[in-house]
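Open the structure in your viewer and keep the selection tool ready.

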Amino acid sequence: MEILKYAIYRFGTMLMTLLVVSVLVFVIINLPPGDYLSNQIAELQATGQSAGVAKAEFLRKEYALDKPLWQQYMIWMGFLPGPHGFSGMIQGNFGWSFEFDSPVADIVGDSLWLTVLVNLAAVIFVYAVALPLGVLAAARARTWVDYTTAFVGYLGLATPNFLLALILFYYGHRWFDLPIGGLMAPEFEGVPMNWEKVKSILVHLIVPTFVIGTAGASAMMQRLRANMLDELGKPYVETAIAKGMAPSRMLAKYPLRVAFNPFVADIGNLLPSMISGSVLVSVVLGLQTIGPTLLTALKTQDMFLSGFVLMFVALLTLIGTMISDVLLVLLDPRIRYEGRDA
């Protein structure tokens with residue numbers, strides 16, 4: 001029951017933090033002078049297109065952009081009624097994209113789950129590669145195994161993601177007949193999910209997963225090796241070996257469990273950092289994720305679209321942080337619940 005109470009407590013703090021983040025996001029996207037409609041109105045007035053100016057002015061009133069900033073925020077979130085009553089983020093209305101002339105929900109609908117899928121695959125790749133290689137490098141420190149893994153790790157950190165994407169783009173298609181660009185074959189776009197579409201997505205995921213996850217796996221492998229070496233030098237390890245405990249069992253039961261704490265804590269930062277770091281990769285590989293959409297929205301000051309994408313990344317961060325906090329409590333008995341034994 002204690003872990004359930006702690007999870008509920010963390011969920012509550014997550015909601016409060018998300019509310020504060022929403023204020024910061026709204027303020028930040030309104031910091032640059034002007035907005036999409038103001039810039040469009042100025043451009044239309046300069047060219048004498050009165051009909052376009054009238055439409056832009058209508059949209060300003062339609063989406064309450066003529067109101068004070070604090071009222072715009074309250075209406076955007078759905079805390080105050082706007083021109084159409086209570087219709088904001090908490091009611092499921094994410095606003096209108098002026099750049100794409102469509103509801104934000106229609107623009108990001110398919111790209112949201114594809115973004116989560118790509119980055120979830122990259123996270124699994126990071127842990128699947130970093131955990132065994134980091135442990136192996138620490139267990140075989142200062143041997144050819146350690147030096148080889150270190151070389152691979154530094155190579156992964158030093159190679160820019162976009163360059164690695166271009167290399168795999170070419171050679172993956174030439175040598176292994178991997179598909180070029182996108183996250184599915186063109187004939188499956190807009191088609192309901194079926195087994196053939198799933199297979200197409202899985203094949204298309206190979207290159208993006210490797211490209212996006214390489215740098216994260218390299219950094220995590222180096223940190224795990226350093227933490228493991230620190231633990232392996234402590235007296236309790238020598239005591240366990242002296243008592244006849246098998247080295248493999250000793251590694252898994254004590255040093256790895258302690259050294260693994262930082263990587264559980266990293267869950268909260270891993271997903272959003274990969275999403276933000278994969279924007280250029282998404283453009284190079286033509287991936288249907290929210291990365292290119294966010295880039296376009298920020299360049300054109302499309303406030304509702306950029307605001308929603310930033311809120312989505314913040315939500316991923318907070319969910320990941322909550323999961324890592326709960327897992328840390330389960331993993332390490334030295335970490336206490338909030339308020340316990342106070």
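A cavity here is a set of grid points where a 1.4 Å probe fits but cannot get out. The model you are looking at is predicted. By that rule, three cavities of 30 Å³ or more are counted in it.

**Stop 1: the largest cavity.** Select P179, G181, H204, V207 and P208. Of the 11 residues lining the largest cavity, these are the closest to its centre. The space inside this cavity is about 60 Å³. Now select helix α8, residues 195-232. With four residues, helix α8 gives the most to the lining of the largest cavity.

**Stop 2: V264.** Move to helix α12, residues 261-265, where V264 is found. Is V264 buried or exposed? V264 has a relative accessible area of 7%, so it counts as buried, the limit for that label being under 20%. Then pick T321, which is 57 residues away from V264 along the chain. The C-alpha atoms of V264 and T321 are 9.3 Å apart.

**Stop 3: a patch on the surface.** Select F162, L163, L166, I167, Y170, Y171, W175 and F176. Together they form a nonpolar surface patch with about 850 Å² of accessible area. Within this selection, click on L166, which belongs to helix α7, residues 161-176. L166 counts as partly exposed because its relative accessibility is 43%, and that label covers values between 20% and 50%.

How values were computed. Residues are numbered from 1 along each chain as its sequence is written. This is a predicted model: local features need pLDDT of at least 70, side-chain atom pairs count only at pLDDT 80 or more; totals for chains, interfaces and linings use all residues. Side-chain values use heavy atoms; hydrogens and water are left out. Patches are made of residues with over 30% relative accessible area and no salt bridge: like charges are joined within 9 Å, nonpolar side chains (Val, Leu, Ile, Met, Phe, Trp, Tyr) within 5 Å. Accessible areas come from the Shrake-Rupley method with a 1.4 Å probe; for residues, only the protein chains shown count as cover. A salt bridge is a side-chain nitrogen of Lys or Arg within 4 Å of a carboxyl oxygen of Asp or Glu. Helices (H or I, at least four residues) and strands (E, at least two) are DSSP runs, numbered from the N terminus. Buried means under 20% relative accessible area, exposed over 50%, partly exposed in between (1.4 Å probe, protein chains only). On a 1 Å grid over the protein atoms alone, a cavity is a set of points where a 1.4 Å probe fits but cannot get out, and a pocket is an open set with protein on both sides within 12 Å along at least five of seven lines; lining residues have an atom within 4 Å of a point. Grid points are joined across faces, edges and corners, and a volume is the space filled by probe spheres set on the points.
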